[in-house]
Amino acid sequence: MNTSTKKYSILNDKVVKTLLSKNESFTKEYMCRIIHESSDIPLADLRKDLTLVHPSIPVKQDVVGSETDILYQTKDYYIDIEVNYRYSNVLEIKNTIYMAQLLLRDVKSYKDYLKAKKVLQINICNYDLFGLRKFIYRSTLMEENYHKIRSDKIEIIDINLDYLRKVDYNDIKKNSLESDLYFLIEENQEILSKLYEGDEIMLSMQREVTSLMGCVDDYLYYDKDRMEQSEAYQNGLAEGKKSGMAEGKKLGQKLGQKLGQKESRLAIAKKM
């Protein structure tokens, strides 16, 4: 099997966010499966209790840019789904702040701290965050040397979609997390139909993706060259801005020195 020549594609992140926040019965069942397969929350509990928090409602009303990508809740959890296609320090900080804000979302008085919901953040990433070539990473607040859990209030799941590109679809077990996420990185509808044969939930998700073709203002799937060009452009823009700021500072210093010298000479002349 040669997976090195497999076409690089990934479903448009806007489409993913739309799909995962649709108010449809098959979408809820799909999200129950994704959350259950990536965490320890029982599937029966999710089916009974999982509800969508409207995605346009900020985590905190008075905080700028505090809207999560997709937010679900149960009686015990806030479940934040983040679609991350490019790594950045700012993104990591924002995602961490989302979790802190969610912890305080229902805290109105001192006694509410004891009843605060747990926060589960599931990051669907287009990159390997820790570089260990694993499909899924689980993080929590833990003591460094003895690996003792400090608090169970926060848990982070990082899913590495890049891992799936190195896996042939024939080797993927049906009704698994790998299978349920495979349509995000596979554009060939025939392959997806074979993979999801007999799975009505996944076939519904596949049909929903197909129905969006031609209805989005961008390509339905990104290709590698296009993503790399975009990323290179953005990196170049940032580097150019940084160097431009440095050059502007030098020019400003030179101009300031000239103005300072001129004012000094005028002050001396007035005293004469």
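This is a predicted model: local features need pLDDT of at least 70, side-chain atom pairs count only at pLDDT 80 or more; totals for chains, interfaces and linings use all residues.

Tutor: Residues are numbered from 1 along each chain as its sequence is written, and side-chain values use heavy atoms, with hydrogens and water left out.

Student: What makes S6 and S7 a pair?

Tutor: Two strands pair if DSSP finds at least two bridges between them. S6 and strand S7 (residues 149-160) are joined by 7 bridges, so they qualify as a pair. They run antiparallel. The strands themselves are DSSP runs (E, at least two residues), helices are H or I runs of at least four, and both are numbered from the N terminus.

Student: How is S7 joined to S5?

Tutor: Here too there are 7 bridges, but S5 and S7 run parallel. In S7, Ile154 is the bridge partner of Val119.

Student: What stands out in the hairpin of S6 and S7?

Tutor: There are 6 residues between the strands, and His147 takes a positive phi near 55°.

Student: Is Ile136 buried or partly exposed?

Tutor: Buried means under 20% relative accessible area, exposed means over 50%, and partly exposed is in between (1.4 Å probe, protein chains only). Ile136 has 22%, so it counts as partly exposed. Ile136 is in strand S6.

Student: What does Ile136 touch?

Tutor: Contact means heavy atoms within 4.5 Å. Leaving aside neighbours within four places in sequence, Ile136 is in contact with Ser38, Ile157, Asp158, Ile159 and Leu177. Take Ile157: Ile136 and Ile157 are 21 residues apart in sequence, yet their C-alpha atoms are 7.0 Å apart in space.

Student: Why is Thr27 called buried?

Tutor: Thr27 has a relative accessible area of 0%, so it counts as buried. Thr27 lies in helix H2 (residues 25-38). Not counting residues up to four places away in sequence, Thr27 touches Leu19, Leu20, Lys22 and Tyr72.

Student: How do you know that the buried residues of H1 are on the same side?

Tutor: The residues in question are Asp13, Val15, Val16, Leu19 and Leu20. They cover an arc of only 155° around the axis, which puts them on the same side of H1. That arc is taken from the directions from the helix axis to the C-beta atoms.

Student: What makes Asp69 and Lys17 a salt bridge?

Tutor: A salt bridge needs a side-chain nitrogen of Lys or Arg within 4 Å of a carboxyl oxygen of Asp or Glu. In this pair the closest N and O atoms are 3.6 Å apart, so the pair passes. The two residues are 52 residues apart: Asp69 is in the loop between strand S2 (51-53) and strand S3 (70-73), and Lys17 is in helix H1 (residues 13-20). Asp69, at 18% relative accessibility, counts as buried, whereas Lys17, at 27%, counts as partly exposed.

Student: What are the distances for Arg165 with Asp162, and for Arg207 with Glu200?

Tutor: Arg165 and Asp162 meet at 3.0 Å, N to O. Arg165 is buried at 8%, while Asp162 is partly exposed at 24%. For Arg207 and Glu200, the closest N and O atoms are 2.5 Å apart. Arg207 is partly exposed at 47%, and Glu200 is partly exposed at 46%.

Student: How many salt bridges does the rule give?

Tutor: The count comes to 11 salt bridges. Arg33, Asp180 and Asp199 are linked in a network of salt bridges.
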